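Biologist: I am new to this structure. Could you take me through it, beginning with the salt bridges?
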Amino acid sequence: MFFAISLLSAIGALSTVSGEGVASTNGDLCKASCATDEATGKEVCKFTTKVDLHAGELGYYTFEECGDKPNPTLGLEVGKTYQFVQKDRSNYYHPLGMAYFADGMHADADELEPGIAPPGSTSTCAFDMTCPAPMYYIDDEYKGSYSNNIDLVEATKDDDNFGLDDYEPLFFHPLPDWLGYGEFSVFLKFDEDTDYTKDIFYFCHIHQYMTGRIKLLKNGQNLAPDADLPKIDYEYDQPAEHDQSCGTYGLHDFQLPHDQCIEKFVCDVPGEPSSPLAKFSSCIDSMNCAMMNGMTTSVKETESETALFLHQMIPHHQNAVNMAKALLKTGKVKCDDLTDEESDQADDCALEIILREIINNQNHQIQSMRGLLESKDYPQENDCKVEVTTAMSTKANAGFSVKSASASVAVAVVVNSLRLMF
């Protein structure tokens, strides 16, 4: 146990170790920052995990060692110990998992677990639960009992507790509590004697569609050099120009003027159109237009209160997420320490906690609601097109007309809701 603690301390304080400790890339392959502990002679490798919330609808993982590229392909040497550090605030609601297929449990696919042998390999590790699996830590405390890594914990057999069940639930706790629990880390060692010849994946255990690829290496050589297998069966989000500017997702096509939206949602904006407030107001206009468009909902074919609720609530949540992302993007909310309750930054810190909880919690709820639509065989969207022909004036009590008289009441309800919100 002393040796394991020594190794953990070495990983946490690379200033005490020798070696280059510099990340490197080989084409699109990103490698960890590795260094050798002078006391033990063991090499330890680290990926410092973050989440770029603006990179797509849900955000994507980034790693300090790989620059700012979202969901980079990582290279892991078999037989080495890797630590994925989830200390940064952006990891909130994003516990890392490891799987043999993209998205792991979200896709009902095999994950790296003690009782699951690498698919297609000749390994018999499943019989005594010694297969490669992540090991979940908070600070220096291992939350499980299984081990395939004697550098951390004495190796085990017939033990399937690798700590995930104690690790993941804490990511649902309020953000200030989560920050106070300590440094979250995931350790992984893939057995050196493997004959597995495909890739593995990192993914988020809470949000689907955030998976990234890991190439297994031996002496620097890719064990699967000729193909990216198994495949990731979806494309990563590519925010359009307007969304890149706003820090949002899905708003580019809803910039004003728009034939299904009122003339404006934000009034009396001072200064030049290029001013920061004017730009932020333009982002608000487009996100409210997107919500207004999404909340004009047909009940044709579904004829269900549940379906109507879900079709209305999803764009409502998306608006909240985009609004929180947009404010974070401005850089106006400044907080060095989210636990700060006393300094001049205390109010901003309280606000940033609210923003991050909105983004992560409501994105998770959006995915849950989409899952409910799918499980009940309802369409993911059931929009009815309502074109606004006379723009609302800048005064809140001004009227407007719509082409479809049958839809005018629905539009009025949406606009009245927006008045209450802003």
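Modeller: Counting a salt bridge as a side-chain nitrogen of Lys or Arg within 4 Å of a carboxyl oxygen of Asp or Glu, the total comes to ten salt bridges. This is a predicted model, in which local features need pLDDT of at least 70 and side-chain atom pairs count only at pLDDT 80 or more, while totals for chains, interfaces and linings use all residues. Residues are numbered from 1 along each chain as its sequence is written, and side-chain values use heavy atoms, with hydrogens and water left out.

Biologist: Which residue forms a salt bridge with lysine 80?
Modeller: Glutamate 43 does, with the closest N and O atoms 2.6 Å apart. The two residues are 37 residues apart: lysine 80 is in the loop between strand S6 (73–77) and S7, and glutamate 43 is in strand S4. Helices (H or I, at least four residues) and strands (E, at least two) are DSSP runs, numbered from the N terminus.

Biologist: What does arginine 370 meet in a salt bridge?
Modeller: Its partner is glutamate 57, at 3.0 Å from N to O. Glutamate 57 is buried at 18% relative accessibility, whereas arginine 370 is partly exposed at 25%.

Biologist: How many residues apart are glutamate 352 and arginine 356 in helix H7?
Modeller: They are four residues apart, which means a separation of about one helical turn. Their side chains meet in a salt bridge of 2.8 Å, N to O, and both residues are buried.

Biologist: Which residues are linked in a network of salt bridges?
Modeller: Asp199, Arg213, Lys215 and Asp228 are linked in that way.

Biologist: Changing topic, how many of the residues of strand S7 are buried?
Modeller: Five of the five residues in S7 (residues 81–85) are buried, so the rest of the structure largely encloses this strand. Thr81, Gln83 and Val85 point one way from S7, and Tyr82 and Phe84 point the other way.

Biologist: What pairs with S7?
Modeller: Two strands pair if DSSP finds at least two bridges between them. Strand S4 (residues 43–52) pairs with S7 in the parallel sense over five bridges, and strand S11 (residues 184–188) pairs with S7 in the antiparallel sense over four. Tyrosine 82 stands opposite cysteine 45 and has leucine 188 as its bridge partner in S11.

Biologist: Where are the cis peptide bonds?
Modeller: One joins leucine 229 and proline 230, with omega about -5 degrees. Another joins leucine 256 and proline 257, with omega about 0 degrees. Proline 230 is in the loop between strand S14 (221–222) and helix H4 (241–246), and proline 257 is in the loop between H4 and helix H5 (276–294).

Biologist: And what is the phi of aspartate 103?
Modeller: Phi of aspartate 103 is near 75 degrees, a positive value in a residue other than glycine. Aspartate 103 counts as buried, at 3% relative accessibility. Aspartate 158 also has a positive phi, near 55 degrees, but counts as exposed at 58%.

Terms used:
Buried means under 20% relative accessible area, exposed over 50%, partly exposed in between (1.4 Å probe, protein chains only).
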